[in-house]
Amino acid sequence: FVLSVVHSAKDQEKQPNIIYILSDDLGHADVGFTGGKIETPNLDRLAKEGVVLKQHYALPVCSPTRSALMSGRYPIHTGLQHGIIHPGEPWGLPLDETIIPQVLKEYNYSTHAVGKWHLGMYKWFYIPAQRGFENNKENNKG
């Protein structure tokens, strides 16, 4: 999952570009910037020029981790602490949760998501476009 946030040209001198990269099943030594043996020059450059989050929790499956990243809250507080929300399942990240793209839109950022959503798709109001993303290229198969 990649959350890419860009802003309008008029704001370029005021606001930074923000890109969140969330990778399922990525080990600490699987990227070059952590000292791993796998060469990852593009990720290494992004890490060097940006901010790397090193003190955080990830959960064993994707929906709880994504809900924590999007909401800034522990999954126990969003009701998503167990399992994966597959497409068509009748639940999702609660609609009363404010998530990152909704906040960034208030600051004139343009928001885009690439990858798995897994935060609910069973009703129109749960899809990424209704949660603050202008564009979403998703793969909910993995």
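Q: Contact here means heavy atoms within 4.5 Å. With that cut-off in hand, which residues does Pro-101 touch, not counting residues up to four places away in sequence?

A: This is a predicted model, so read everything below as computed from it. Pro-101 touches Met-70, Thr-111, Arg-131, Gly-132 and Phe-133, and each of those pairs has heavy atoms within 4.5 Å. Pro-101 itself sits in helix α3, which covers residues 100–105.

Q: What makes Pro-101 count as buried?

A: Buried means under 20% relative accessible area. Pro-101 comes in at 0%, so it gets the label.

Q: Why is α2 called largely enclosed by the rest of the structure?

A: Go by the count: eight of its 10 residues are buried, so the helix is largely enclosed. The buried ones are Cys-62, Ser-63, Pro-64, Thr-65, Arg-66, Ser-67, Met-70 and Ser-71.

Q: What makes up the largest nonpolar core?

A: Nine residues do: Met-70, Leu-80, Ile-85, Leu-93, Ile-99, Ala-113, Trp-117, Leu-119 and Phe-133. Take Leu-93 as one of them. Beyond residues up to four places away in sequence, Leu-93 touches Ser-67, Thr-78, Leu-80, Ile-85, Ile-99, Leu-119, Tyr-126 and Arg-131.

Q: What makes the pair Ser-110 and His-112 a polar contact?

A: The side chains are joined at 2.8 Å. The limit for a pair of N or O atoms is 3.5 Å, so that distance passes. Ser-110 has another such partner in Glu-134, where the side chains meet at 3.1 Å. That value is also within 3.5 Å, so the pair with Glu-134 counts too.

Q: Is Ser-110 buried or exposed, and how do you know?

A: Ser-110 is buried: 16% relative accessibility falls under the 20% line, so that settles it. You'll find it in strand β3, residues 109–114.

Q: Is Val-51 buried or exposed, and what decides it?

A: Exposed means over 50% relative accessible area. Val-51 has 75%, so exposed it is. It lies in the loop between α1 and α2. Its C-alpha is 9.7 Å from that of Ile-18, a residue 33 places away along the chain.

Q: Why is Asn-108 called partly exposed?

A: Its relative accessibility is 46%, which falls between the 20% and 50% cut-offs, so Asn-108 is neither buried nor exposed. This residue is in the loop between α3 and β3.

Q: Where is His-118, and what makes it buried?

A: His-118 is in the loop between β3 and β4 (135–137). With a relative accessible area of 3%, it is under the 20% cut-off and so counts as buried.

Q: What volume does the largest pocket have, and which residues are closest to its centre?

A: The volume is about 1700 Å³. There are 40 lining residues, and Ile-21, Leu-22, Val-52, Leu-53 and His-56 are closest to the centre. Elements giving two or more residues to the lining are β2 (18–21), α1 (41–49) and α2 (62–71). By class, the lining has 25 nonpolar, nine polar and six charged residues.

Q: What is the order of elements in the protein chain?

A: From the N terminus they run β-β-α-α-α-β-β, which gives three helices and four strands. Of the chain's 142 residues, 33% are buried.

Conventions: Residues numbered from 1 in each chain as written. Predicted model: local features only at pLDDT ≥ 70, side-chain atom pairs only at ≥ 80, totals over all residues. Heavy atoms only, no water. Core = buried A, V, L, I, M, F, W, Y, C linked by side-chain atoms within 4.5 Å. Buried < 20%, exposed > 50% of the residue type's maximum accessible area, 1.4 Å probe, protein only. 1 Å grid on protein atoms, 1.4 Å probe; cavity = no way out; pocket = protein on both sides within 12 Å on 5 of 7 lines; lining within 4 Å. Points joined across faces, edges and corners; volume = space filled by probe spheres on them. Nonpolar A, V, L, I, M, F, W, Y, C, P; charged D, E, K, R; others polar. Polar contact = N/O pair within 3.5 Å; in protein donor to acceptor, adjacent residues only side chain to side chain.
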